[in-house]
Amino acid sequence: MTTFSRSDPHTPGPCARTLHDLQTDNSFAALPSAFYTRLAPRPLTEPRLLHANAEAAALIGLDPAVLHTPEFLAVASGMAPLPGGDTLAAVYSGHQFGVWAGQLGDGRAHLLGEVRGPRGNWELQLKGAGRTPYSRMGDGRAVLRSSVREYLAGEAMAGLGIPTTRALALVVSDDPVLRETVETAAIVTRMSPSFVRFGSFEHWASLRQTDMLQTLADYVIDRHYPECRDAQGEHGALLALLDEVTRRTARLMADWQSVGFCHGVMNTDNMSILGLTLDYGPYGFMDTFQLGHICNHTDTEGRYAWNRQPSVGLWNLYRLAGAFHALGADAEALRGVLDGYETVFTQAFQQRLAAKVGIQQWRSDDEGLLDDLLRLMHNGRADFTLAFRRLALAVRGETQPFLDLFIDRAAAGEWLTRLQARHAADDMPPEARAQAMDRVNPLYVLRNHLAEQAIRAAQQGDPGEIDTLLQLLRNPYVAQAGREAYASLPPDWAAGIEVSCSS
């Protein structure tokens, strides 16, 4: 994970010692007013700062000490605007569970403004800050339970090196919020270079407002993909934009698959135009591996199961391409760009899996070997994270921990023999191979039961479990003494945890 210090040569100057010292930009607010509604958040009652993220503060050049000031609490709780910011809620549309849902938007989020950081710009957004014109009968609030999960998720993904939004602060209150039961309210301060989604483009295409659609495309290209302007031919910049978003999305799907991550609600309004993991709701890192694992209790049809995520990513890209077609881009040219998705995903996934099992260079016959491993893990209900992590122990000559994860140890042993034969084809010492595997196979991931433990502590006003998890998840590949329970098989009660769209 990248961090910044005052000695960092890329840092333009000393850390901002107050919020007023931040350099703001607010480029999204400079778009026409039809893109958003300006409105103030609805502040929490008697808010309390439960946790603040010093590493995220470094991304915007903010002195971590500022996070614990009354000034910061006022902004993070919705009581005061970000100095120099321009508060608004954005409109967008989208497909939800494969069905066109029409107009959506920031129903419980307020964009506070955009800050120029040491290595780029970051938009700051409050999630759970009250109703907006896009709330669709919702209360605009977020509960503590889901807010803790979101706060932890971005940092967990960043620790794994997976593109993601981040979280700066978690503020809580005793304000009641009705979900399945009465819970308490919370607000997460989220950070992203941009919160523009596939659904942002679908919105204007559905309204046939091509002027607004073109304005959005120009904004995204000029702000985030300026190299696309060099593309030749009619609509060259638009095709180049789709190509880059396609590549980023394909690689993101490979990242998710390689760590057993399920997003849970891959609607087009939850897909980032920058290829980031966006909108953490009913997500989950798999414990027991199942090809069709469904992490979202609401997803009764399994549309967003683990093994369907790559194809859903492509389906969503087709919806984005449809919006680009409304600007006049040739349909065949758009399909030609999307045709590259499978190759990019397959190569990226193969590279990641090969590294996880200690193969230096992918060969065509490796596909069968790795397919058999996934099938073996599925049939044997092996733990996803530990199966890959313990392979390094097997390379070191300690095979039993790996075999113990499988119901059919004999079948697992036969596969391990095949892997060892494949390793023999590479000229690499066993310890060097094992170390390389440990660098790509995390020991710690944000399992549901670990998040649940942090939630239960937070409900008692104790942020200690959040601190512990962040310490582990920011460096998930290195074992930490005394933290063995965080890298063990989940307890029996974890099987009863359910997360849904209300999470």
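## A buried helix: α17

In α17, the buried residues are E465, I466, T468, L469, L470, L472 and L473. This structure is a predicted model, and helix α17 covers residues 464-473. Seven of its ten residues are buried, so the helix is largely enclosed by the rest of the structure.

Among the buried residues of α17 are E465, L469 and L472.

## The chain as a whole

The protein chain contains 17 helices and twelve strands. Its radius of gyration is 23 Å, close to the 23 Å that the globule rule gives for 503 residues, so the chain is as compact as a globular protein of that length. Along the principal axes, the C-alpha atoms fill a box of roughly 65 × 60 × 50 Å.

Of the 503 residues, 57% count as buried. Among contacts between residues at least 6 apart in sequence, 72% join residues at least 24 apart. The accessible surface of the chain comes to about 20100 Å², and carbon and sulfur atoms account for 50% of that area. The charged side chains number 45 positive and 58 negative, and the centres of these two sets lie 1 Å apart.

T268 sits in the loop between β11 (261-262) and β12 (284-285). Is T268 buried or exposed? Its relative accessible area is 0%, and the cut-off for buried is under 20%, so T268 is buried. The side chain of T268 makes a polar contact of 2.5 Å with the side chain of E202. Beyond its neighbours within four places in sequence, T268 is in contact with G94, H95, R197, F198, G199, E202, W315, N316 and R319.

S194 belongs to the loop between β10 (182-192) and α4 (198-206). S194 has 1% relative accessibility and counts as buried. A polar atom of the S194 side chain lies 3.1 Å from the backbone nitrogen of V196. Not counting residues up to four places away in sequence, S194 touches E123, H224 and L274.

Most residues other than glycine have a negative phi, and most peptide bonds are trans. M137 has a positive phi, near 75°, and is a residue other than glycine. M137 is found in the loop between β7 (120-127) and β8 (142-143). With a relative accessible area of 85%, M137 is exposed.

D279 is not a glycine either, and has a positive phi of about 65°. Where is D279 found? D279 lies in the loop between β11 and β12, the loop that also holds T268. The relative accessible area of D279 is 11%, and D279 is buried, whereas M137 is exposed.

## Buried valines in a strand and a helix

V188 is placed in strand β10. At 1% relative accessibility, V188 counts as buried. Leaving aside neighbours within four places in sequence, V188 is in contact with Q125, L126, K127, S147, E150, A167, A169 and L170. How far apart in space are V188 and H423? The two are 46 Å apart, C-alpha to C-alpha, with a sequence separation of 235 residues.

V312 is part of helix α7 (residues 309-325). V312 is buried, with a relative accessible area of 5%. Not counting residues up to four places away in sequence, V312 touches M266, R303 and Y304. The C-alpha atoms of V312 and R248 are separated by 14 Å, and these two residues are 64 residues apart along the chain.

How values were computed. Residues numbered from 1 in each chain as written. Predicted model: local features only at pLDDT ≥ 70, side-chain atom pairs only at ≥ 80, totals over all residues. Heavy atoms only, no water. Helix = DSSP H or I, 4+ residues; strand = E, 2+ residues; numbered from the N terminus. Rg over C-alpha atoms; globule rule 2.2 N^0.38 Å. Buried < 20%, exposed > 50% of the residue type's maximum accessible area, 1.4 Å probe, protein only. Contact = heavy atoms within 4.5 Å. Areas by Shrake-Rupley, 256 points an atom, 1.4 Å probe, with all protein chains shown as cover. Lys, Arg positive; Asp, Glu negative; His and termini not counted. Charge placed at Lys NZ, Arg CZ, Asp CG, Glu CD. Polar contact = N/O pair within 3.5 Å; in protein donor to acceptor, adjacent residues only side chain to side chain.
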